[in-house]
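Thank you all for making the time this morning. Let me put the structure on the screen, and then I will walk through it.

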Amino acid sequence: MNISGYKVSVIVSVYNGEQYLSKCIESILHQTYRDFELILVNDGSEDGSEAVCRSYDDARVRVFSQPNRGVSAARNRGLDEAQGEWVYFCDADDELYEDALERLVQKTESPEVCFVMGGYEIYDIDGNMVYSRPEREELTLTIDQCIENMFQPWFYCYQGYLWTKLFRRDRINAAGLRFDERISFNEDRLFSTQYLCNVSGRGCYFTHPVYRYYERPGSAMSSLKRGFNYKFLTDLDAFAIMLEAITDSGKSEALVRQCKISFLWSIDNIRHMYRKYRLKDRTVINKMRYAEFHFIGLRTLVALRIRRFSKIGVLVSELCWRLRHRRMDDRWFYNIGTK
């Protein structure tokens, strides 16, 4: 092991995860790669999760407890306590394949590598595989290509998840980067994008699966199928921050455009849910329209709308609304859905 500390800090946020937590922890402790510490942050669990965390007699396991403040606050606590050269995040109800850390760490040998991204598979609660990719590719990417994969992924339908990635801890700290605790959705991709906008070097990408993700009925995403979740509005906040990070770091117009396209998809998803659940709350409509005109911009909005839907009438009505209302304060935008 490294004299100065562990090679990898594995951070797991734990909240009422007693049912699945043991399998998650054991999948980490039984890794073929051994030079890591496991940081378990109990975020105010009301079940037996803390007892499970403290039941492991392993010098690599460190347990911290705090009042319930959400997954982002728990991950931030993990970052504050981490000692490893690299940081890896795992969800408490999922599992790693036994060679996951070994495959990821193998890609960090070059000093110019600052980001590693692997593959994953998705299972239902009965253990049946529902999503996998047959490709087995290994690529070296520029930082811009890594960012591109956050919005237009290669090989996978989505690659914004934290748990396929290794991040360099010194780069995280140098950028003063932490999870935004206001954000309830899309916080994974937000953190990854902010990290990539603050580093230089190369990324390594391979598609061999390192992670078993389980679709759980109680997850945040599954809540969207049961009714309108106002916290999902923070998905727009996440995109706004990502767009500003990409723009401020001087990235190409192509990356800015890709972010705006994903931003618009999020707006359309919220609009669909708004209509599906027959809401009458004008603040939801106002937040979507503000996002379209303030962050995406009328010119880009028109081009993307024509390209996707050809709904000119929608554009005209939205433009008329924008002209009738004075410019809204950014603080108003970020406060809707964050509580």
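Predicted model: local features only at pLDDT ≥ 70, side-chain atom pairs only at ≥ 80, totals over all residues.

I will start at a helix contact, where Leu236, Asp237, Ala240, Leu243 and Glu244 of H8 meet Lys287, Met288 and Phe295 of H10, contact here meaning heavy atoms within 4.5 Å. By class, this contact of H8 with H10 has 5 nonpolar, no polar and 3 charged residues, where Ala, Val, Leu, Ile, Met, Phe, Trp, Tyr, Cys and Pro count as nonpolar, Asp, Glu, Lys and Arg as charged, and the others, Gly among them, as polar.

Residues are numbered from 1 along each chain as its sequence is written, and side-chain values use heavy atoms, with hydrogens and water left out.

The chain has 13 helices and 10 strands, these being DSSP runs numbered from the N terminus, with helices (H or I) of at least four residues and strands (E) of at least two. Of its 339 residues, 56% count as buried, that is, under 20% relative accessible area, with exposed meaning over 50% and partly exposed in between (1.4 Å probe, protein chains only). Among contacts between residues at least 6 apart in sequence, 80% join residues at least 24 apart.

How do the axes of H8 and H10 lie? The axes of H8, residues 234-248, and H10, residues 282-296, come within 11 Å and cross at roughly 10°, the axes being lines fitted to C-alpha atoms over the stretch in contact, with angles from 0 to 180 degrees between N-to-C directions. H8 and H10 are therefore roughly parallel, since angles under 35 degrees count as roughly parallel, over 145 as roughly antiparallel, 65 to 115 as roughly perpendicular and the rest as oblique.

For H8 and H9, the axes come within 10 Å and cross at roughly 170°, and this pair is therefore roughly antiparallel. The residues of the contact of H8 with H9 divide into 12 nonpolar, 3 polar and 2 charged.

Neighbours within four places in sequence aside, Phe263 is in contact with Leu236, Phe239, Ala240, Leu243, Ala291, Phe295 and Ile296.

How many disulfides are there? The count is 0, a disulfide being a pair of cysteine sulfur atoms within 2.5 Å. Cys197 is in no disulfide, and the nearest cysteine sulfur, that of Cys259, is 8.9 Å away. For Cys204, the closest cysteine sulfur, in Cys146, is 8.5 Å away, too far for a bond. Cys197 is buried at 13% relative accessibility, and Cys204 is buried at 12%.

Finally, the backbone: most residues other than glycine have a negative phi. Asn16, however, has a positive phi of about 45° and is found in the loop between strand E1 and helix H1. Asn186 has a positive phi of about 75°, in the loop between helix H6 and helix H7. Asn16 is partly exposed at 31% relative accessibility, whereas Asn186 is buried at 12%.
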